[in-house]
Amino acid sequence: FYANGNTMYVADEEMGLLRSTDAGVTWTVHYSSFAEPALCVAFSTSNTNFGVVGTDGDGVYFTTDGGAT
């Protein structure tokens, strides 16, 4: 789980990476093409454009644009 203001991310084993832009009121699937279940998500506190998602056996995915890609 990661939050920065109203934007929140959560890793879900079934659905992938979920994102909310309204402080958790609604959620959308932000990315679901991981080969293995997504287990955790974290963003840098000093550079919120850099984040990582850890998976179960498929390694670590990272973003340098705040989760846009």
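Partly exposed residues are those with a relative accessible area between the limits for buried, under 20%, and exposed, over 50%. The legends below use these words for a predicted model.

**Figure 1. The aromatic pair of Phe-50 and Phe-62.** The ring centres of Phe-50 and Phe-62 are 6.2 Å apart, and the angle of 35° between the planes makes the pair tilted. Phe-50 sits in the loop between strand 5 and strand 6, and Phe-62 sits in strand 7. Twelve residues separate the two, and the pair links distant parts of the chain. Phe-50 has a relative accessible area of 36%, so Phe-50 is partly exposed. For Phe-62 the relative accessible area is 57%, so Phe-62 counts as exposed.

**Figure 2. The aromatic pair of Tyr-31 and Tyr-61.** Five aromatic pairs are found in a search of the whole structure. In one of them, the rings of Tyr-31 and Tyr-61 have centres 6.4 Å apart and planes at 55°, so this pair is tilted. Because Tyr-31 belongs to strand 4 and Tyr-61 to strand 7, the pair ties together parts that are 30 residues apart in sequence. Tyr-31 is partly exposed, at a relative accessible area of 36%. Tyr-61 is also partly exposed, and its relative accessible area is 27%. Ring pairs join Tyr-31 and Tyr-61 with Phe-34 in a cluster.

**Figure 3. Strand 6 and the strands that pair with it.** Strand 5 pairs with strand 6 in the antiparallel sense, over five bridges. In this view Ala-38 stands opposite Thr-55 of strand 6. Strand 7 pairs with strand 6 in the antiparallel sense too, over four bridges. Here Val-52 has Phe-62, in strand 7, as its bridge partner. Strand 6 is largely enclosed by the rest of the structure, because four of its five residues are buried. Confidence in the protein is highest in strand 6, at a mean of 93, and lowest in strand 1 (residues 2-4), at 78. The average pLDDT of the protein is 89, and 100% of the residues score at least 70.

**Figure 4. The largest pocket.** The largest pocket holds about 240 Å³ of space. It is lined by 15 residues, and those closest to its centre are Leu-17, Tyr-31, Phe-62, Thr-63 and Thr-69. Two or more lining residues come from each of strand 4 (28-31), strand 5 (38-43), strand 6 (51-55) and strand 7 (60-63). By residue class, the lining has ten nonpolar residues, five polar and no charged.

Figure 5. Most residues other than glycine have a negative phi. Ala-23 is placed in the loop between strand 3 (16-20) and strand 4. With a relative accessible area of 43%, Ala-23 is partly exposed.

Technical notes. Residues numbered from 1 in each chain as written. Predicted model: local features only at pLDDT ≥ 70, side-chain atom pairs only at ≥ 80, totals over all residues. Heavy atoms only, no water. 1 Å grid on protein atoms, 1.4 Å probe; cavity = no way out; pocket = protein on both sides within 12 Å on 5 of 7 lines; lining within 4 Å. Points joined across faces, edges and corners; volume = space filled by probe spheres on them. Nonpolar A, V, L, I, M, F, W, Y, C, P; charged D, E, K, R; others polar. pLDDT = per-residue confidence, 0-100. Phe/Tyr/Trp six-rings, centres within 6.5 Å; stacked < 30°, edge-to-face > 60°. Buried < 20%, exposed > 50% of the residue type's maximum accessible area, 1.4 Å probe, protein only. Pairing = 2+ DSSP bridges.
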